[in-house]
Amino acid sequence: MNERLSLRVRFFLFFALIAVAVPFLLGGGLWLAAQRLEGNPTPHLLLFGGAAGFALIGVVVGVWQLFDQNVARPIQTIVRDLQTLLHANPQHEVDTTSGRYLGLLAPVVREIADAFANARADVDKEVTQATHSLNEQRQQLEAILRELNEGVIVCNSSHRILLYNRRALQILGVTEGMGLGRPLFSILNEQPFVLTLDRLTSRYLEGRHETHPDRLMTGLVFARNDGSLILEGRMSLIVDDADHEITGYVLTFDDVTSELKELIKSDRLMRSTLEELRHPVASLRAAVEMLDDMPADDADARRAFQKVLAEESQRLSSELERFGEEYRAIVTSQWPMSDVHSGNLLNALTRQFRNDDSILCDVTGEPIWLRCDSTTVVALLSHIIRRALIELDAQTFLVSARTGTSRSYIEVTWEGDVASPSMMERWLKEPIERGLGLTGVEILEHHKSEAWCEPAGGGKARVRIPVPPPASQHTATTSTAPLPIRLEFYDFNLLKPAQLGAVADTSLRDLTYVVFDTETTGLEPSNGDEIIQIAGVRILNGRILTGEAFDQLVDPGRRVPPLATRITGISQEMVAGKPRIDDVLPRFHDYVGESVLVAHNAAFDMKFLQLKQERCNLRFDNPVLDTVLLSAIVHDHTNQHTLDAVAERFSIEIPPETRHTALGDSLATAGVLLKLIELLEVHGIRTLGEAIEASNKIVEIRRRQAKY
Amino acid sequence: MAKSVLVVDDEPNIMLSLEYLMKRAGYDVRLARDGEEALASVIASPPDLVLLDINIPKRNGYEVCQAIRANPELKNVRILMVTAKGREVEIEKGLALGADGYATKPFSTKELAERVAKLLNGADA
């Protein structure tokens, strides 16, 4: 009880006790004295005793006031200051001016406070430095992962993806199923991983890895869920030696199917050719030997054998022709080639001239996918440009890539003269700098290609190099768009064990969201309006993963009304030939996975989804949050909850060209959601359950308001 | 009586030479163009030797070889396999299935005639 009273109150009670004791003790003493004194001293004793008593009480009150002013209050101020200093602001000044009765206490406290502030600052500095170097390491790691030509996926022990690199996406050919925090088995077949992880786990727990040549690593063969790819890789455990626990694993893999196929093809060709050549050669040799020993007069037999010779030598040469053709195809593809985005390829080329004032080299045209060995092709292009600079005095170059009917073309255009065939031949026969010691002819040979220079009109010349088209399809808009430089490819926070349990009790900050938006032909799904674009972005651990966006135009199977085109900028031509909703919805469903769905005016978008889900044999039964309702909870002073209004309130900029595109609106809504989550906490709404409950209340209030 | 040789191959040009070669060596020569024809011919009248190509239609050379060896009445028929398959394992397989010898295309007609003669005289090929 006492401890709850403040220091000042306690001092006050102490002095009050003295003040109360004065009349009792004084009165008691004088009463005893009155008993012993003769006569009638009572009036005198009362008078003087009373006066002395009041004076004493006055002195006590006075001393108390001084004490309160100069001791109790300063102590309390110092205590409060120290608390602030300790918990909130290390720069806070300790006020010791009023504590002059406290002797050395005040200066000592000030010294301690200064020492504390300095220590805090030192720690902060160290933390900042450590964070900085951590960031640097992180960037290095990112760069390494980006450039690795092997697929890398890191999972925690419950097979959720913590990290992946670009190559992994490429090899697996997935865009929707892959995402941080997603289960690996939404893409890959479960069994090999479970078995291999079990094997490695027991190797680790039994300590056998200490002596095992592969330590905590083992090879495995696995497949995509749909069986379309068989891959070979290695799994290495990530262990926490301190806790003797397995926290996850690293999976590295490569697509060996094509190399294997090439090897098989080449072996088959060798065998079949050997066999096929033996027949005509055998016939020829036998026939020649027969002819040699033949009696001169056997004209019929001679004619028959001469016919054999003619036929078989013809067969032999066509057999050789076929062999040459097929062998060349195999040699070509044995040179390591990959599908390359022309944007990356040509930017790598122009970077070489960035610091060269004599050459102006720019990329032009739409980027496409093509198949080549980028290192040697970039070296070849760079060689051609430098030659044209020296020998033709060309200075301004444009590089581009275009798709032809059966091949793709890389083109270098310059202002100036055309390089003659003999000049080109000379250029191509020179060894090329940074071209792995190859000549242009050899590089072209690997690509089964030729290069030539032609007039391009307007005093320009153009070198064209045909290259093979990409081996795999890169059709989805999600993958043809150049990936942003920095992708959110990993999230190590997920290494901590996943918080399962009732989703309702999960904090809004810990949830995974897919914020999405649909563009439609109109406002009435039940009246035949259809989705023409659907986009979404994922939010994980408070980060918007822009690199994992879903963005797809949809052929609505009906005309796009002009009004819809005006609002969304999506025309009939743009949706023609795009996938239908029956194909897109399952992909979006995969993309969403177990996340919480969020949309601005979610009811509208959900209605479109739900009308289509049965046809696709799916269910979108994820929890849903509506940013309109959440905004109404935190900003109840206004009725303005349009996306534009809310975004402006939070100073989230929506570039005008992306407003009313599904992806642009999704990104803006995602930004809004993150701000809303912060504000909801101020309103005591922290979990998903609480947010849904509060949203429902708003819906109820709106319904009632609508009645009046 | 002249020894008889059955030439089994589906390539008319090589058959022409083999027929000429065998006839010149003084054998009775019969021809068959596929596996079934060859087996029928062997059963109808067992030849002393079969020049057997492996890559022939209907039933391949291995099957014909095995069928001949499965029949005890045909145990005196010599089989010389002639084929474009030149790998060690294929030669081993042919011999394992009962061939008495093996010649890889292209071959020297002189050597082939010598091997046929040796087989027919009971010597090892």
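What share of the contacts in chain B with a separation of 6 or more comes from residues 24 or more positions apart? I looked this up first, and the figure is 58%. One caution for all my entries: this is a predicted model.

**Chain B, overall**

I went through the elements of chain B and found five helices and five strands. Reading from the N terminus, I get the run β-α-β-α-β-α-β-α-β-α. Chain B has 125 residues, and 44% of them count as buried.

**Where chain B touches chain A**

I listed both sides of the contact: chain B puts in 16 residues and chain A puts in 17. On the chain B side, the elements giving two or more residues are helix H1 (12-24) and helix H5 (109-120). H1(B) gives the most to that side, namely seven residues. I also sorted the chain B side by class, which came out as eight nonpolar, four polar and four charged.

**The five-strand sheet in chain A**

Next I traced a sheet in chain A. This one is open, has five strands in the order E7-E9-E10-E12-E11, and its pairing is mixed. Which strands stand at the edges? They are E7 (360-363) and E11 (452-457) of chain A; each has a single partner strand, so one side of each is left without a neighbour in the sheet. On average, neighbouring strands here are turned by 25° against each other, if I ignore direction.

Inside that sheet I checked E9 (residues 396-403) against E10 (residues 408-415) of chain A. E9(A) and E10(A) pair in the antiparallel sense, over seven bridges. To get my bearings I picked A:Ser400, which stands opposite A:Glu411 in E10(A).

I then looked for what covers these strands. Helix H9(A) lies across E7, E9, E10 and E12 (460-467) of chain A, and runs at about 20° to E10(A).

**H8 against H9**

H9(A) (residues 374-392) also has a helix partner, H8(A) (residues 342-351); their axes come within 10 Å and cross at roughly 45°. Parallel or oblique? At that angle H8(A) and H9(A) are oblique to each other. The crossing is right-handed. From H8(A) I noted A:Leu345, A:Ala348 and A:Leu349, and from H9(A) A:Ser374, A:Val377, A:Val378, A:Leu381 and A:Ser382. By class, this contact has six nonpolar residues, two polar and no charged.

**H17 against H19**

H17(A) passes H19(A) in a left-handed crossing. On the H17(A) side I wrote down A:Thr627, A:Leu630, A:Ser631, A:Ile633 and A:Val634; they meet A:Thr669, A:Val672, A:Leu673, A:Leu676, A:Leu679 and A:Leu680 in H19(A). The class count for H17(A) with H19(A) is eight nonpolar, three polar and no charged residues.

**A hairpin further along chain A**

Last, I checked E14 (residues 531-540) and E15 (residues 543-553) of chain A. They pair in the antiparallel sense over seven bridges. How many residues lie between E14(A) and E15(A) in their hairpin? I find two residues between them, and A:Asn541 in the turn has a positive phi of about 50°.

Conventions:
Residues numbered from 1 in each chain as written. Chains lettered and ligands numbered in written order. Predicted model: local features only at pLDDT ≥ 70, side-chain atom pairs only at ≥ 80, totals over all residues. Pairing = 2+ DSSP bridges. Helix = DSSP H or I, 4+ residues; strand = E, 2+ residues; numbered from the N terminus. Left-handed = near helix turned anticlockwise from the far one by under 90°. Contact = placed C-beta atoms within 7 Å. Nonpolar A, V, L, I, M, F, W, Y, C, P; charged D, E, K, R; others polar. Axes fitted to C-alpha atoms, helices over the stretch in contact; angles between N-to-C directions. Parallel < 35°, antiparallel > 145°, perpendicular 65-115°, else oblique. Buried ≥ 20, exposed ≤ 12 C-beta atoms within 10 Å, placed from the backbone.
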